2 protein chains.
Amino acid sequence: MKIAVDAMGGDYAPDEIVKGIEQARDAYSDLEFLLYGQPEKVQPLLKDTTRITLVPATEVIEMGDEPVRAVRRKKQSSIVLAANAVRDGEADAFFSAGNTGAVLTAGLLIVGRIKGIDRPGLTTTLPVLRKPDQSSFVMLDVGANADTKPFNVVQYAIMGQRYAQSVMHVQNPRIGLLNNGTEADKGDKNHRAIHDTLAQMPDLNFVGNVESRELLNGAADVVVTDGFTGNATLKAIEGTALSMLKLIKGEIMSGGLGGKLGASLLRPVFHNVRDAMDYSQYGGAVLLGLKAPVVKTHGSTKAETVKNTIGQIRELLATDSSKQLVDYFSEHADQMAALKEALK
Amino acid sequence: MKIAVDAMGGDYAPDEIVKGIEQARDAYSDLEFLLYGQPEKVQPLLKDTTRITLVPATEVIEMGDEPVRAVRRKKQSSIVLAANAVRDGEADAFFSAGNTGAVLTAGLLIVGRIKGIDRPGLTTTLPVLRKPDQSSFVMLDVGANADTKPFNVVQYAIMGQRYAQSVMHVQNPRIGLLNNGTEADKGDKNHRAIHDTLAQMPDLNFVGNVESRELLNGAADVVVTDGFTGNATLKAIEGTALSMLKLIKGEIMSGGLGGKLGASLLRPVFHNVRDAMDYSQYGGAVLLGLKAPVVKTHGSTKAETVKNTIGQIRELLATDSSKQLVDYFSEHADQMAALKEALK
């Protein structure tokens, strides 16, 4: 299994990317890497080239670049060349911590959609807190599309189910539709149509509508939503978690408790909390619905997250998850066409 | 100023509602109350009837009742009778902790919309954490409408601006549009149209797009959004805050730190954190765009929140905020009609 890596994307690139890839290489003996980047920057960082091939990419797509234009014009960038390698069968998956829009665009335009899937969905794994039998859940779309149709959300449920089976090893994942109430008739007519469609699909363990208040409590294993709401919900969870952590830390310190306790006593507490909330431990966001895994991590990604994400990609490749989706949507082409028509 | 109160709505009704109304009566000598409820239940709780008139309401709309049907059929319910009193000019505002849908429906169908406003927006005040010059912000719509048009969101900005001036005493509130990125071209075509319209309105201090990640950091004083996204975002913030509090408490206790510290030392810390996050201190959610203030608090409302919310309603009445909106939309009827046409 060979993974094409954008060595130049991310706030700590190429240093932390290269370090993480070397760690992943050491951890997984069945993986090979094509590392795309500027040789003069990447070469000196590479300690051991076992199963790592450095491929020169003279251009870099910056974080601020307009994604579609950048992908079209910067043909020699690490993102475009890595995506090309996947399209041409030289690599099996694509990993980047760079410009999100550019990675998604390269995924869509170069790696390409699975036949029958209109809109791939960006899929993130988030923590479930203090529930003995569930440690995480998956949500999609968290922002690949600002303008999502009901049919797309129904496809997210199918893709999310497979993803949870492959990567989270949940046999019969509970699928929930993010809505503004749990009753079946909640939401606008689009949400009611999605709800009723999912409820009638025999192969899905659909548990109905879920509210964003209950996500971290484990309301479902897979939460499907349009990309706009999913993005707002994900960022609200992130922002609130960060703010709460700061607030509580501040209260403990300013209340004089910090002094009493000493930083050394409190450190493990906040370390554990950060760990519990740190969803980068589950790897990156996957653009589900493409012919091969395209995985993006936060710009602030460091070596450990790179390594974890490579582990996640390895699971996706080992379970042949993209191929399974290709087969599913090929075998169910007629049903999908009928569904799409019905949900218009 | 006279406030019509639903004494029967909420998990702790009528006990805590009556208690809170008596506290508010004692705190604000310029307020009178019409208290709607079942006399045999409410009468025994009422210690002092100064400026409180108990009005018999034989029926109760339960939390599980279907809102529109309940408002249409239960003509003798406390919610319907209290709303009738506002419509008929016997009271100036309506307060309830009961069935949200029924309160909103009674507001829309009985109290009535301001002429020129298509969709009133449910407006909540939320905390801003650890920012010296800002302690809260306002967000609307947080769920009155599941199906919102761009024109409605533009009206939310105008109403939210007035609300922040009246209740939060912010002279020139910063208005932000909740979007999936801060750049002007983010979101679907509806969001781009809303952004461009707000940017061109000379009387609005529009600060552009804001992301849900930055809300608790004080990205704006007034955040406008469609009711579906606003609802998901509000509930994500609530749910994450609750989960984080539990998580951190659990970590401190299970790490042995709880024993070392003793509950008495930690109690004030968590008390302060809960206080900071407790947005009921700012009162209830207001359905902006009605002819008179209609204010709804959480079902779990206790006496103190009732009292705070009555204080908030008093501000709305003292600044004549509904009348101001009536005048504004009457004076700007032509502009509004043109805007509505342009945003179609």
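This tour moves through a predicted model, one selection at a time.

**First stop: the two domains of chain A.** Where they meet, 15 residues from domain 1 of chain A and 15 residues from domain 2 of chain A take part in the contact.

**Second stop: the boundary between the domains.** Between them, domain 1 and domain 2 of chain A bury about 1200 Å², and 62% of this area is on carbon and sulfur atoms. On the domain 1 side, select A:Leu104, A:Ile117 and A:Gln312, which lose the most area to domain 2 and together account for 34% of what that side buries. Which kinds of link cross this boundary? There are five residue pairs in polar contact, both residues at pLDDT 80 or more, while the count of salt bridges between the two domains is zero. Now show helix H5 (100-111) and helix H11 (303-318) of chain A, the elements that each give two or more residues to the domain 1 side of this contact. Helix H11 of chain A gives the most, with five residues, and the residues of that side as a whole divide into five nonpolar, eight polar and two charged.

**Third stop: where the two chains meet.** Next, display both chains, where 49 residues of chain B are in contact with 49 residues of chain A. The chains bury about 4400 Å² between them, with 70% of it on carbon and sulfur atoms. In chain B, select B:Arg213, B:Phe228 and B:Lys235, which lose the most area to chain A and together make up 15% of what that side buries. Four salt bridges are found across this interface, and one to look for joins the side chains of B:Arg213 and A:Glu238, at 2.2 Å from N to O. The chain B side draws at least two residues from each of helix H8 (227-254), helix H9 (257-261) and helix H10 (263-277) of chain B, and the largest share, 21 residues, comes from H8 of chain B.

**Last stop: a residue inside chain B.** Finally, select B:Thr125, which is found in strand E5 (residues 121-127) of chain B. Is B:Thr125 buried or exposed? B:Thr125 is buried, because its relative accessible area is 5%, which is under 20%. Leaving out residues up to four places away in sequence, B:Thr125 touches B:Ser136, B:Phe137, B:Val138, B:Tyr163, B:Tyr279 and B:Tyr282.

Definitions and conventions:
Residues are numbered from 1 along each chain as its sequence is written. Chains are lettered from A and ligands numbered from 1 in the order in which they are written. Side-chain values use heavy atoms; hydrogens and water are left out. Contact means heavy atoms within 4.5 Å. Buried area is the accessible area (1.4 Å probe) that two parts lose on being put together, summed over both. A polar contact is a pair of N or O atoms within 3.5 Å; within protein, one must be able to donate a hydrogen and the other to accept it, and residues adjacent in sequence count only if both atoms are side-chain atoms. Helices (H or I, at least four residues) and strands (E, at least two) are DSSP runs, numbered from the N terminus. Ala, Val, Leu, Ile, Met, Phe, Trp, Tyr, Cys and Pro count as nonpolar, Asp, Glu, Lys and Arg as charged, and the others, Gly among them, as polar. Buried means under 20% relative accessible area, exposed over 50%, partly exposed in between (1.4 Å probe, protein chains only).
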